[in-house]
Amino acid sequence: METRLLHADVIKMTEADFKKLSEYIYEHYGIKMPITKKPLLESRLQKRLRENRITSFKHYIDYLFTPHGQSVELIPMVNAVTTNKTNFFRESDHFTFLSEVVLPDLVSRKVTAPNIWSAGCSTGEEPYTLAMVLSDYSAARGGLNYSILGTDLSTDVLQRAVNAVYTEDMIVEIPLAVRRRYLLQSKSREAKVVKIAPALRERITFQRLNLMDDHYGTLPDFHVVFCRNVLIYFDRPTQERVINKLAAKLERGGYLFVGHSESLTQMQVPLRQIRPTIFQKL
Ligand SMILES: C[S@@+](CC[C@H](N)C(=O)[O-])C[C@H]1O[C@@H](n2cnc3c(N)ncnc32)[C@H](O)[C@@H]1O
């Protein structure tokens with residue numbers, strides 16, 4: 001007989017369940033999960049168990065490791081587990097540095113088609129901010145035929161990034177003049193949402209990519225890589241491996257930006273530090 005679950009019921013995760021799942025997540029996605037994350041993992045996966053009509057974590061994990069579970073449940077599980085907090089113009093000094101130092105440097109080196117990667121782009125605010133900054137620079141100082149790649153592990157956030165629709169509270173950090181240039185108001189008065197203008201959207205491609213992949217072979221080389229507030233979820237050896245793989249995809253003289261709380265101190269990487277969180281490929 002099927003056990004019926006009430007929405008108020010919380011399905012409990014044992015320490016053994018947590019160990020199995022957290023080890024799997026760490027090994028495949030790099031995301032470190034100390035035991036203090038058990039309540040978080042338990043609560044984020046409640047919906048997955050409900051949707052699969054599974055009443056214990058033991059059964060959920062057994063199912064996840066079956067061939068069928070691997071093909072249909074792995075992606076929703078990962079989507080539920082990732083933390084996707086982001087906003088437009090986050091850590092805004094990076095964008096100032098980009099337009100005042102990086103872009104003039106690239107132009108002086110005759111790079112007219114800069115290729116930029118937002119690795120761990122979440123719901124798109126970071127790559128769209130990059131597009132706003134590059135389009136403004138291009139309009140003021142002459143045409144840059146730029147392209148941007150946004151990648152993330154979570155297919156949910158990538159879908160939202162492709163949709164490019166944001167509520168009004170999400171756009172408060174975008175300067176008013178920039179909003180006027182690059183945001184389209186919704187036609188409906190009730191729906192207080194905006195959409196990124198096609199001129200920016202057509203510059204950006206989104207793709208799923210796990211930074212834990214052995215190498216990022218199919219990707220082109222980049223002049224600028226933003227990988228911000230992603231490394232914090234990894235342990236130090238994983239961070240160093242990821243930074244080296246990102247550096248391998250940078251053109252010589254290209255720039256890597258990491259988040260303000262992230263550091264490459266004591267890592268063996270082919271990069272020189274030019275600001276606390278900005279690096280240049282040697
Ligand atoms: C906190 S968000 C940062 C978004 C943006 N870069 C920023 O700074 O605002 C971190 C993103 O990293 C992604 N992520 C975590 N582990 C990843 C992995 N192994 N490969 C690719 N992306 C990953 C998450 O899905 C999430 O969207």
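Me: Angles under 35 degrees count as roughly parallel, over 145 as roughly antiparallel, 65 to 115 as roughly perpendicular and the rest as oblique. How are α1 and α2 oriented to each other?

Reply: This is a predicted model, where local features need pLDDT of at least 70, side-chain atom pairs count only at pLDDT 80 or more, and totals for chains, interfaces and linings use all residues. Residues are numbered from 1 along each chain as its sequence is written, and side-chain values use heavy atoms, leaving out hydrogens and water. Helix α1 (residues 15-29) and helix α2 (residues 38-51) have axes that come within 11 Å and cross at roughly 85°, with axes being lines fitted to C-alpha atoms over the stretch in contact and angles running from 0 to 180 degrees between N-to-C directions. The two helices, α1 and α2, are therefore roughly perpendicular.

Me: Is Thr82 buried or exposed?

Reply: Thr82 sits in the loop between α5 (74-81) and α6 (93-108); helices here are DSSP runs of H or I with at least four residues, numbered from the N terminus. Buried means under 20% relative accessible area, exposed over 50%, and partly exposed in between, using a 1.4 Å probe and protein chains only. With a relative accessible area of 11%, Thr82 is buried.

Me: Which side chain joins that of Thr82 in a polar contact of 3.1 Å?

Reply: A polar contact is a pair of N or O atoms within 3.5 Å; within protein, one must be able to donate a hydrogen and the other to accept it, and residues adjacent in sequence count only if both atoms are side-chain atoms. The Thr82 side chain reaches the backbone oxygen of Asn79 at 3.4 Å. The side-chain partner at 3.1 Å is Asn84.

Me: How many residues surround the ligand?

Reply: A residue is near a molecule if one of its heavy atoms lies within 4 Å of it. A polar backbone atom of Tyr29 is 2.9 Å from a nitrogen atom of the ligand. The closest residues are Thr86, Arg90, Gly120, Asp152 and Asn229, and the number surrounding the ligand is 21.
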